[in-house]
Amino acid sequence: VSKHATPGCTCAHVHMPDHVCDIIRNGGIPILTLSESENGVYHLTAEEHNAKSGKTPPFIAISHVWSDGMGNPESSSLPGCLVASIQKKVDAVPHPDRPARVGFWMDTLCIPVSEDLRELRKLCIASMRHVYSLAYAVLVLEASVEAMSSHASVIEKTLAIYTTKWLRRLWTYQEGSLAKTLYFQLQDGAQEMQTFIDDATQLSRRQGTEGCFAPFITKAEIIVSSHFAFVNHIISDEIMEGNMDNNRSMFLLPMASSYTSRQTSRKTDETICAATILAIDVMPILSIKEDKEHGLSADDVADIRMQMLLCTIGTFDAFFIFNARPRLKQQGFRWAPRSFMGGLEGSFGGHCDTEFGLPEAKVVKWGPDLSRVGLQVQRLPGLPISSLPESFTSTQSSRFYLDPAGLTPSSFCYAVTLVPDHNGEYPVWNVNASYYLVLAHALKSNPESVAVLGKVIAPGPKLRHECLAWVELKQKNEGLGKDGLPVILIQLNRRDSGKGRSWVIV
């Protein structure tokens, strides 16, 4: 619910000017300014920012959390007193060459919400990268930070930003990341984020020289700033140099890691924000929408959009198949996370490293749609599992040993522990099927490795991702058969266990 700037105020709403829709249709960005007549009536006007037509008035983009009362799901309008307050704060943001009255862009007032303007809303969402990257500054309006004085201590201000709702929401991540300059509105003025960072860094260094160990300041400063800096500088440089299409995969894991602390009320928004940050056209993603009449739920839409996003990115570090996130259930994408949000920050981390170089994973298709897709992984070693005993059922198969044969007689074996899914369930074994454990690295200098258990569904081999596993190389006399766990004889060859091979994970 939209809130008034002053408790008890009953002033009328100001609405999005009618010609904002024309500006959007023209491919421009609507820039708003508010004026007040002598009799106290507020009037909102809009001008166009459009590089194609040479109209580029400076403007500030507003970033806010809707729960603070500056959103309106029913209408593109806000109370006049609230907009007047926003205009006053915008006018006070420092800029050397700005006019006395500065325009601003704000989602609540610049994005149509009525159902008959759905297509215009899509155009607005698709242009979000341009809005926040072309603004000469992004101003964060968040209630808890606005209550803080600029004269508060560095620790108080750092804590206020670190605990803010703004730092936990999905949409605000892209808004802060794309900003040329990011400001936080305080009680008595706006302060640039870089000033917060510099003050926190200086305090941390000063405390260090005084023998005071206070890791919170450094950790909070890194968490607040590092992800924004990564997107703002590194990704922006790649886009400017025209390299983004070939390098998106290297940015995916850092971005996914930053998503773990973010939330959104609509799962379907996640891939829109990710595509915006990675400079991917969001219109195909937006074209997938909920359709209850045909049984397409919001969860289904979120899953399909994630599939489209990953197919567009195309290439990944091979370690991506070992991610510890809840995974998509669709055949062809069982290796893929359903979401980047939530969970532990390290659940995407790590690298596959073999003596033959860093392996890559690449999306492959053998059909026109998303139903015939897999992830091809090169140069990863594997352990074959076949000829399962009849007693090898789902209730007793989460831990077992593999006893290698086929090479010279050996004194080692493999201890395998399967990792249940996020519902606590293990895969159901088929004693007539063959399986592989695909390892992140050969068990030589490091005798432990995460692995993917895959069921062979076609030659190649093509594997159905069943679950993650943990594999340890052990001496047979350390416990093979002593703890009553099943023992499976396996036939190893050097291609599987040494150089590795090509796998298609579906």
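A pocket, on a 1 Å grid over the protein atoms alone, is an open set of points with protein on both sides within 12 Å along at least five of seven lines. Its lining residues have an atom within 4 Å of a point. Grid points are joined across faces, edges and corners, and a volume is the space filled by probe spheres set on the points.

The model is predicted: local features need pLDDT of at least 70, side-chain atom pairs count only at pLDDT 80 or more, and totals for chains, interfaces and linings use all residues. Residues are numbered from 1 along each chain as its sequence is written, and side-chain values use heavy atoms, with hydrogens and water left out.

## The largest pocket

The volume of the largest pocket is about 1,200 Å³. Its lining counts 35 residues. Arg121, Ile125, Trp171, Arg266 and Asp269 lie nearest the centre. Helices 3 (107-110), 4 (118-126), 8 (170-177) and 14 (298-313) each give at least two residues to this lining. Helices here are DSSP runs of H or I with at least four residues; strands are runs of E with at least two; both are numbered from the N terminus.

Helix 8 is mostly covered, with seven of its eight residues buried. Buried means under 20% relative accessible area, exposed means over 50%, and partly exposed lies in between (1.4 Å probe, protein chains only). The buried residues of helix 8 are Leu170, Thr172, Tyr173, Gln174, Glu175, Gly176 and Ser177.

## The chain as a whole

The chain holds 15 helices and 20 strands. It has 506 residues, and 49% of them count as buried. Its accessible surface is about 23,700 Å². Carbon and sulfur atoms hold 52% of that surface. The areas come from the Shrake-Rupley method with a 1.4 Å probe. A contact means heavy atoms within 4.5 Å. Among contacts with a separation of 6 or more, 69% link residues 24 or more positions apart.

Helix 2 spans residues 80-91. Its 12 residues reach 16 Å from first C-alpha to last, close to the 16 Å expected at 1.5 Å a residue. That expected span is 1.5 Å times one less than the number of residues. Gly80, Cys81, Leu82, Val83, Ile86, Gln87, Val90 and Asp91 of helix 2 are buried.

## Strand 14 and its partners

Strand 14 covers residues 399-405, and five of its seven residues are buried. Two strands pair if DSSP finds at least two bridges between them. Strand 14 runs antiparallel to strand 15 (residues 412-419), joined by four bridges. Here Tyr401 stands opposite Ala415. Strand 14 runs parallel to strand 19 (residues 487-491), joined by five bridges. Leu402 has Ile488 of strand 19 as its bridge partner. In a regular strand, side chains alternate between the two faces of the sheet.

Ala405 belongs to strand 14. Not counting residues up to four places away in sequence, Ala405 touches Ile490, Gln491 and Leu492. Gln491 sits in strand 19. The C-alpha atoms of Ala405 and Gln491 are separated by 5.0 Å, though the two residues are 86 apart along the chain.

## Single residues and their cover

| Residue | Relative accessible area | Class |
|---|---|---|
| Gln491 | 56% | exposed |
| Arg379 | 31% | partly exposed |
| Ala405 | 29% | partly exposed |
| Ala279 | 28% | partly exposed |
| Gln191 | 10% | buried |

Ala279 has a phi near 55°. Its place is the loop between helix 12 (270-277) and helix 13 (283-286). Arg379 has a phi near 60°. Arg379 is part of strand 12 (residues 373-380).

Gln191 lies in strand 9 (residues 189-192). Leaving aside neighbours within four places in sequence, Gln191 is in contact with Ser150, Lys157, Leu182, Tyr183, Phe184, Leu186, Phe196 and Asp199. Gln191 is buried because its relative accessible area is 10%.

Methods: On a 1 Å grid over the protein atoms alone, a cavity is a set of points where a 1.4 Å probe fits but cannot get out, and a pocket is an open set with protein on both sides within 12 Å along at least five of seven lines; lining residues have an atom within 4 Å of a point.
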